[in-house]
Amino acid sequence: MADPALAVSLEDVRVAAAALAGVALRTPLLDVPALSERLGVPVSLKCENDQPVGAFKIRGAYTAIARLGAAERARGVVTHSSGNHGLAVAYAARRLGARAVIVMPKDAPRVKVEGVRGQEGEIVFVDTRNERESRAAALAESEGLVPVPPYEHADVIAGQGTCGLEILEDRPDVQTILVPVGGGGLLAGIAIAVLALKPSVRVVGVEPEGAAKLTAALAAGRPTRLVKADSLADGLLPLAIGDLPFSYIRLVVREAVTVTDEEIADAVRFLHEKVGIRVEPSGAVTTAALLSGRCAPAGTTVAVVSGGNVDDAVFERLVRA
């Protein structure tokens, strides 16, 4: 297991934050009276759906590509993604003048596929999610592309950590932070900021019931690969937490909460009707944990809304249910 002291520090996160100025937004903390009154504690949403690519992934993708040397950037980059990371890599690469190749499953949400194409990313489709990583590795080898993986990368984690840094700076009295969990990059980055600045904060990972890889990892004390992952939350379906992310997560995170697809759908509808924001299912899992009572927060609470990229038909079905 990687030693966190050798990879990503709070200073790395601060440097990433400075470099992201003018690229990623310092997203707002939106107070939600309907949740605060229901739970008896102040609740705010960290609205990463407001980012230029509609998700927090721009933080890590841009940080990783911007830190490449000129020769590496000239080779182009490759990644594997179900959507938001690929979109962020394509956006960052276009901004930095690099070629971007994105390996995506054929069933990736249309809005994310179109987003990648809109940023001039080259898409290579594979039949299943499980083929993405190996195909990306093969392309890196055959075409000399530089891999920018979605979470197993120190610079990506440093970039994602800027989300946690902003929360702690903008809401210094925070006591509970809820974070959606896919491969663990965002949770790891937030853990780095919390550990350095306010280790008393309770950090809760939230994941779909059908993709409970953090639950498995915390129980085993190490990343544990699931046999399958299935959920409405298409951005949270890696089969295991990344090794590097878990080396930070384990220092801070003591609990994982799972939510059902029905609870996720309820949260998407609640955020639309009561808060007036459009959120994808993956971004709604933290709200789902609060609405369902699966997580009882203590003190001032921030729930990270990780993204808002959802196909129109899916969104309409969820909010009209």
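1. A disulfide is taken here as a pair of cysteine sulfur atoms within 2.5 Å. The model is predicted, and it holds zero disulfides. The sulfur of Cys47 has its closest cysteine sulfur in Cys163, 10 Å away, which is too far for a bond. Cys47 is buried, at 2% relative accessibility, and Cys163 is buried as well, with a relative accessible area of 0%.

2. Helix H8 spans residues 154-170 and contains Gln160. Is Gln160 buried or exposed? Its relative accessibility is 0%, so Gln160 counts as buried. A polar atom of the Gln160 side chain lies 2.9 Å from the backbone nitrogen of Gly60. Beyond its neighbours within four places in sequence, Gln160 is in contact with several residues, among them Phe56, Lys57, Arg59 and Gly60, as well as Pro150 and Gly189.

3. The structure holds 19 salt bridges. One of them joins Glu169 and Arg26, whose closest N and O atoms are 2.7 Å apart. Because Glu169 lies in helix H8 and Arg26 in the loop between helix H1 (10-19) and strand E1 (29-31), this pair ties together parts that are 143 residues apart in sequence. Both residues are partly exposed: Glu169 has a relative accessible area of 39% and Arg26 one of 47%. Arg26 and Glu169 also belong to a network of salt bridges that includes Arg14 and Asp170.

4. Two further salt bridges may be examined. Glu120 and Arg94 meet with an N to O separation of 3.6 Å. Glu120 is in the loop between helix H6 (110-118) and strand E5 (122-126), and Arg94 is in helix H5 (residues 84-96), so the pair ties together parts 26 residues apart in sequence. Glu120 counts as exposed at 56% relative accessibility, whereas Arg94 is partly exposed at 41%. Lys106 and Asp127 form the other pair, at 2.8 Å, N to O. Lys106 sits in the loop between strand E4 (100-105) and H6, and Asp127 in the loop between E5 and helix H7 (132-143), 21 residues apart. Lys106 and Asp127 are both exposed.

5. In helix H10 (residues 213-220), which residues are buried? They are Lys213, Leu214 and Ala217. These residues lie on the same side of H10, because they cover an arc of only 95° around the axis. The buried residues of H10 pack against helices H9 (185-197) and H11 (243-252) and against strands E8 (202-208) and E9 (255-259). Gly221 follows H10 and has a positive phi, near 80°.

Key: Residues numbered from 1 in each chain as written. Predicted model: local features only at pLDDT ≥ 70, side-chain atom pairs only at ≥ 80, totals over all residues. Heavy atoms only, no water. Helix = DSSP H or I, 4+ residues; strand = E, 2+ residues; numbered from the N terminus. Buried < 20%, exposed > 50% of the residue type's maximum accessible area, 1.4 Å probe, protein only. Polar contact = N/O pair within 3.5 Å; in protein donor to acceptor, adjacent residues only side chain to side chain. Contact = heavy atoms within 4.5 Å. Arc of directions from axis to C-beta. Salt bridge = Lys/Arg side-chain N within 4 Å of Asp/Glu carboxyl O.
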